[in-house]
Amino acid sequence: MLFSQRKKMKVTLLYLFVLCSAQHSAHSETRQVNGIVGTFLSFPERVLKSGNLLYGDLGNIAQVYPVKQSNTNLVKRFKDRLHWNNVTGFFTLSDLQIDDSGVYTLENADEDEGKTTHTFQLTVYYVLSKPQVTVHDNISCTVVCSVENGREVTLSWYKGGEILNQTSSPDLNITLSLPLKVDEQNRDSYRCEAANPVSKESADVPNSCIESDPSKVTGKNMYSINVTLQISRQYQLLYETISMVELIL
């Protein structure tokens, strides 16, 4: 009797283990997918017969019926942007926007395999603009690299393949800036790079630390220019005086 009870318990435990394993395999881990503003994204799992696509707290945003028909206009914000291909079985979201980021769950109902669920964490990014490098201090040859901030943007200075310094900020409404004192003899080896998970842009150091725009010349440089002009005038006066003396003689 005791042996029979133990055998039944083992069978029950084995059944529970198999059931839990089956449920675990039916619910896959969350997968990270990235998108770019203005482009499209196809979720990398198919619904061939029937199923649903859910988004965050909004719940069901699209439904596929067994007769290979779908309704992808369940939610107004996705109207005319969310489509299901009845040949490939893929859902595609077009004209991506930043606020499309979030968790999407694809439920696939199959009579043979049962119900499977796939979860995706979508993050949408802007393509970065090219960073701008400007001269900050002519005397010390200090330049500043700047770029508009955004989601997961980093701004870095490199010398060859070596990273010199880097900055980022959670405040998306600011401009990232990063100064650097440049060795003029090795100017060509420096580059400033802005990057996020979907794009990368870089800029080089200007040809010279001497600013060509007169309105941006610093006080020290203006003093140097004035001194040079004064010396030039003095030499000119001396030359004119010598010429007059030679005429008199």
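1. A nonpolar core here is a set of buried Ala, Val, Leu, Ile, Met, Phe, Trp, Tyr and Cys residues joined through side-chain atoms within 4.5 Å. With that in hand, a few friendly notes on this predicted model. Its largest nonpolar core has 21 residues. Those with the most contacts inside this core are Leu 53, Ile 61, Phe 78, Leu 82, Phe 91 and Tyr 104. Strands supply much to look at here: β2 (41–46), β3 (50–55), β4 (59–65), β6 (82–84), β7 (90–93), β8 (102–110) and β9 (114–125) each give two or more residues to the core.

2. There is also a second, separate core, with 18 residues. Among its members are Val 143, Val 147, Leu 180 and Val 182.

3. Phe 78 deserves a look of its own. Leaving aside residues up to four places away in sequence, Phe 78 touches Tyr 55, Leu 58, Ile 61, Thr 72, Leu 93, Asp 100 and Tyr 104. Is Phe 78 buried or exposed? Its relative accessibility is 0%, so Phe 78 counts as buried.

4. Next, the aromatic residues. The model has 5 aromatic pairs. In one of them, Tyr 55 and Tyr 104 have ring centres 4.5 Å apart and planes at 35°, so the pair is tilted. The cut-offs make this plain: planes under 30 degrees apart would count as stacked and over 60 as edge-to-face. This pair links distant parts of the chain, with Tyr 55 in strand β3 and Tyr 104 in strand β8, 49 residues apart. Tyr 55 has 9% relative accessibility and therefore counts as buried; Tyr 104 is buried too, with a relative accessible area of 1%.

5. Tyr 104 also pairs with Phe 78, this time edge-to-face, at 6.5 Å centre to centre and with 70° between the planes. Here again distant parts of the chain are linked: Phe 78 lies in the loop between β5 (69–71) and β6, Tyr 104 in strand β8, and 26 residues separate them. Which residues make up the aromatic cluster? Phe 43, Tyr 55, Phe 78, Tyr 104 and Phe 120 form one cluster.

6. On to the cysteines. The model contains 1 disulfide, formed by Cys 145 and Cys 192 with their sulfur atoms 1.9 Å apart. The torsion about the S-S bond is about -85°, so this disulfide is left-handed.

7. The charged end of Arg 191 sits over the ring of Tyr 158, at 4.3 Å from the ring centre.

8. Finally, some backbone torsions to look at. Most residues other than glycine have a negative phi. Asp 80, however, has a positive phi of about 65° although it is not a glycine. Asp 80 lies in the loop between β5 and β6 and is exposed, with a relative accessible area of 56%. Cys 141 likewise has a positive phi, of about 55°, without being a glycine. Cys 141 is found in the loop between β10 (132–137) and β11. What is the relative accessible area of Cys 141? The value is 7%, so Cys 141 is buried.

Definitions and conventions
Residues are numbered from 1 along each chain as its sequence is written. This is a predicted model: local features need pLDDT of at least 70, side-chain atom pairs count only at pLDDT 80 or more; totals for chains, interfaces and linings use all residues. Side-chain values use heavy atoms; hydrogens and water are left out. Buried means under 20% relative accessible area, exposed over 50%, partly exposed in between (1.4 Å probe, protein chains only). Helices (H or I, at least four residues) and strands (E, at least two) are DSSP runs, numbered from the N terminus. Contact means heavy atoms within 4.5 Å. A disulfide is a pair of cysteine sulfur atoms within 2.5 Å. Rings of Phe, Tyr and Trp (its six-membered ring) pair if their centres lie within 6.5 Å; planes under 30 degrees apart count as stacked, over 60 as edge-to-face and the rest as tilted. A charge sits over a ring if NZ of Lys or CZ of Arg is within 6 Å of the ring centre and within 35 degrees of the ring normal.
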